[in-house]
Amino acid sequence: MLSRVYLIGARNITGKPVQHVYAAHKGLQQLCTWAAEPLAERICDQPNTALAVEHAPVQTSRQVVGDSAAAGPADRHGQRNMMPRWPDRQQATEAEGFQSARHMTKYIKTNWQLAAHSIRLSSPDKVMEAYYSCMDQMCCQSEKQLNYVHISAIVHGTAKVWTAAGERHSGWVAGVQAEHNLRNFTARMLRRLQPLLPAVGARLAANVLWASAKLGLDPDALVPGMTDSLARQFMVDMDAATGQGFANVLVACAKLQLNPCQGGLFKAMCGQSAVATLSTFDSQNVANILHSLATLPAAEPSVEMLDALCQRFDVLLNRCQASNRPNELPSAQNIANTIWALSKLKFAPADQLALTMVGRMVALCRLPGQQPTLQAISNALRACVELSVPVKQADTDSLASFFLSSNRRRGTQQHYANTAWSLAVTGHFCQAQFTLMLDQFFALSINHHKVSQPHLRQLYQALDWLQPPPSTALQQKKAWLNLESKMGRLGARPACDPHPGAQLVCSALTQLSLRVQSTPVISGYRTAALLEPIGSAAAIVVAFESNICLMNKRSRLLGSEGFRQQLLKRRGKLVLLAPPKAGVGVKEVAKYLKPILTAVAGGSLDAYRR
């Protein structure tokens, strides 16, 4: 009887048995018979012990194959999709180790696949421990054959198994010991990789960085200098990098907030993306790259890079539509992620591309299995608004209708608040839609107990947009008052901190003997003061201008800023001021304001004096 570890590599992720069995050198635990048994039987016989250490009689790989051949018809049928059957000549010499680097790579892959599959049926901690043990011993016993491809595959597989543990065991939280073991194992693998780095190309460097990010481990924290070394290997071989490689590197850097080579990696990637054809970039690659750039301040992407990525996304949309290949078109999630990232980067795509993206999302609403989530709809609508791109009312109506008809349990307060605000800003919002949205939002708020202040602020801004003018019929005013009453049940209008320069402006207006009133209803729109006239003259709204603009279209206002200005113009004549500079006094501000306000008032401020 010899101690052995359950064979991780004996079955692939579907549970089908694998023929290749590695008979180890001296000291390596035997990996044999247990693998040929059906997974369900193993779990029934040994509950919660998958991949655990036990004592069992040693069998050779020939015996395992023979046992499999003697199985019943059902078992033989399940073996049709096995790993390739090695020739008898190779099986006879397997006791001396792997016959080729390729066999070792397949063995590693099969090990992590079965480990990820076994996680759902056993303790994640036991599975991870057995996986570490198996990989460590394989590395020790096969030093001469071990190369950078194998080590990369081990790190990649570790990320897959660790991720599977979190996904398939919702109640599992890695303990201190589990995280300690993970760090130590990953560090051992990276130290093995370090002397082999000169041979590593762009693809494997990207894979190691991606796997480290999935594990939440900064390679530099485990092996000093490793992150920059991997980045340099990626840059040296960047011409051979695919869209997936670019995406993997940027996703890893965004998750770990890395800045390899003091920004050198990002500069190189920006330059390459701006001039390359990007023919290997699919829609998910583009979406992941843009999403990572939006969450990675150190990247500072160029206008040329973002323009190239948008053009590639446009090609993918139009080419697949023209060739009638709907399955290759970007998914709703990829579209939402792409346009959301562009809004965060303040880069407006071509108007036609934006229209096509929203139109594609509308079409997906009618395709079961491909329909957008409520989050995707709310993100896409908000992004379109912030970028001030044109959106057809028919498309926004379709998305709003699908949103409101979907199961509200799949939505959150943020999804509803973003959608309501976005529809209001586009001007494609009616009281009936807002009423239905508030009803559903109210049901959500009961479950969540409390509505956050940012969400309330968004909803009140949507309500402000729907407020009818004074000349509107009484019935319409009553409908709006009902909406205001519903909003009151969700929560009071959030108080807003005044703009830092508001007090200085109000003091200057008072010095000019003007009637300055507090404006609680519009205080959330960066207003400084409201001048109420005597008689029929229009009020004057004094507000501060915004200096935020788009990267590639400086003259275009952000959607939120355009919305603010339109809303304030409903209150009266709008005067936009630059925020006062530090050290400026009341007299200087009064002197600056007087001619501006006199011109807006039509030549005289008498109607606004106290």
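Buried residues are those with under 20% relative accessible area, exposed ones have over 50%, and partly exposed ones lie in between (1.4 Å probe, protein chains only). The model shown is predicted, so that local features need pLDDT of at least 70 and side-chain atom pairs count only at pLDDT 80 or more, while totals for chains, interfaces and linings use all residues. Residues are numbered from 1 along each chain as its sequence is written, and side-chain values use heavy atoms, with hydrogens and water left out.

View 1. Helices (H or I, at least four residues) and strands (E, at least two) are DSSP runs, numbered from the N terminus. Of the 610 residues, 51% count as buried. Contact means heavy atoms within 4.5 Å, and among contacts between residues at least 6 apart in sequence, 77% join residues at least 24 apart.

View 2. With a relative accessible area of 5%, N418 is buried. When residues up to four places away in sequence are not counted, N418 touches S378, R382 and Q458. The side chains of N418 and Q458 are also joined by a polar contact of 2.8 Å, a term for a pair of N or O atoms within 3.5 Å, of which, within protein, one must be able to donate a hydrogen and the other to accept it, and for which residues adjacent in sequence count only if both atoms are side-chain atoms.

**View 3. The packing of helix α7 (residues 148–168) with helix α9 (residues 202–215).** The axes, which are lines fitted to C-alpha atoms, for helices over the stretch in contact, with angles running from 0 to 180 degrees between N-to-C directions, lie 9 Å apart at an angle of about 30°. The two helices are therefore roughly parallel to each other, since angles under 35 degrees count as roughly parallel, over 145 as roughly antiparallel, 65 to 115 as roughly perpendicular and the rest as oblique. The contact includes Y148, V149 and W162 of α7 and L204, W210 and L215 of α9. By class, it has ten nonpolar, five polar and two charged residues, where Ala, Val, Leu, Ile, Met, Phe, Trp, Tyr, Cys and Pro count as nonpolar, Asp, Glu, Lys and Arg as charged, and the others, Gly among them, as polar.

**View 4. The packing of helix α16 (residues 332–345) with helix α18 (residues 374–386).** Here the angle is about 35° and the axes are 8 Å apart. Among the residues that meet are I339 and W340 in α16 and C384 and E386 in α18. The residues of this contact divide into eight nonpolar, three polar and one charged.
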